[in-house]
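Have the sequence and model at hand.

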Amino acid sequence: MKRIAVFGSTGSIGEQALEAAALYPERFRITALCAGRNKEKLFEQARRFRPDTAGLAQPLKLSDIPEDLRGIQWQSGPGMLQAIANNAPYDTMLAAIVGIAGLESVLCALQNGKQVLLANKEALVAGGALVTRTAARANSPLLPVDSEHSAIFQCLQGAGANAPVKVLLTASGGPFRAFSLEQLKNVTPEQALRHPNWRMGKKITIDSATMFNKALEMIEAKWLFSLHPEQIEILIHKESLMHSAVVFQDGAIIAQIGLADMRLPILYAMAYPDRLDAGVPAAQLSQLSPLTFEPCDPIRFPALRLGYECLTEGGAAACIMNGANEEAVTAFLEGRLPFTGIAQTVERTLNALGYFPDETLSDILNADQRARVKARELIQGGIP
């Protein structure tokens, strides 16, 4: 019986993780649930899974908690994530808090020797050196949940002595892969939130449309698999069936193929090294259209270029990129910034701030805060 704490339980990944765990009640027990603001959904989940501990980022009074749930130990307000990460009874954390907010709780789990299933890519993007160093020192496992990184991890299981030389990180291209620059300037939030293949939250859906999700994922891949920038290639694969592949030194390419359903990588991470049926049928390749692959266009989607530049720059450059992107995505969703202004804001923030160290959590949080302040200044001043 594996005891699992779901951090970000009311989000898309968290909900699907709970669905996957419910398929195997004899193997998984949900012992902690953490959410941001959606207390009603959190209460529903607490009734169903009866965790030992539950928490909400917004402050809760005792009168806010339904009487039938008061037997659960509740945490709320600032410090809730860290308190549960440090004190709740669990073996494995599913880290699905969106943004840099999830970084400190991931560090707490690793320092306590817990297994971390990482769906929060920003933890590695902002604090990759610190997170991987902490995991190594504590001998704490770190397993990927993102479909692309799960695919790479699965492909590497068959490597043996055949060294990997490159990973092929696939991207659907989002809803605007064929748009011109002029068309991209007029994209609305409603259009950007309609992803053609995946069911995800708002932030990651916008990141998919701008391709910043691939910039974040290439940085995540660097830390997960100890890669150099030149070992990561981004391919547009609009069918979203090949989730990534690995090129080996003997010329072989091993790929992982499956339907676009996050329950597959979530359950793989939860059950690793076992494979369990997630209730998702295997892709019937003979019944599908041909699989297509094409290079990414860094002119229309400058996020990819910025990602490579941050990998080369080092320090807290990726953290600055991530913080500025979060601010820009919020501004776009609120109608204060055009779609193409997201990448412009990130690039101008990186250029304005220059090099920041990333040795400690304090360094990372400082870089993140400086990035957000500068990005907000740029957005308020107007993007040409």
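Contact here means heavy atoms within 4.5 Å. The model is predicted.

Leaving aside neighbours within four places in sequence, Phe212 is in contact with Asp207, Ala303, Leu306, Met321, Asn325, Ile342, Ala343 and Val346.

The largest nonpolar core has 126 residues. Phe212 and Met321 are among those with the most contacts inside it, along with Phe7, Trp74, Val106 and Ile232. Helix α13 supplies the largest share of this core, ten residues. Another core, of five residues, lies apart from it; Leu168, Met242, Ala245 and Val247 are among its members.

## Helices α10 and α13

Helix α10 spans residues 212-225, and helix α13 spans residues 317-333. Their axes lie 11 Å apart, at an angle of about 155°. Angles over 145 degrees count as roughly antiparallel, and α10 and α13 are therefore roughly antiparallel to each other. Their crossing is left-handed.

Which residues of α10 and α13 meet? From α10 come Phe212, Ala215, Leu216 and Ile219; from α13 come Ala318, Met321, Asn322 and Asn325. Six residues of this contact are nonpolar, two are polar and none is charged.

## Helix α11

Is helix α11 mostly covered or mostly uncovered? Helix α11, residues 263-271, is mostly covered: seven of its nine residues are buried. They are Pro265, Ile266, Leu267, Tyr268, Ala269, Met270 and Ala271.

The cover over these buried residues includes strands β1 (2-7), β2 (28-35), β6 (115-118) and β7 (142-144). Helices α1 (12-22) and α6 (147-156) also take part.

Conventions. Residues are numbered from 1 along each chain as its sequence is written. This is a predicted model: local features need pLDDT of at least 70, side-chain atom pairs count only at pLDDT 80 or more; totals for chains, interfaces and linings use all residues. Side-chain values use heavy atoms; hydrogens and water are left out. Axes are lines fitted to C-alpha atoms, for helices over the stretch in contact, and angles run from 0 to 180 degrees between N-to-C directions. Helices (H or I, at least four residues) and strands (E, at least two) are DSSP runs, numbered from the N terminus. Angles under 35 degrees count as roughly parallel, over 145 as roughly antiparallel, 65 to 115 as roughly perpendicular and the rest as oblique. A crossing is left-handed if the near helix is turned anticlockwise from the far one by less than a right angle, and right-handed if clockwise. Ala, Val, Leu, Ile, Met, Phe, Trp, Tyr, Cys and Pro count as nonpolar, Asp, Glu, Lys and Arg as charged, and the others, Gly among them, as polar. A nonpolar core is a set of buried Ala, Val, Leu, Ile, Met, Phe, Trp, Tyr and Cys residues joined through side-chain atoms within 4.5 Å. Buried means under 20% relative accessible area, exposed over 50%, partly exposed in between (1.4 Å probe, protein chains only).
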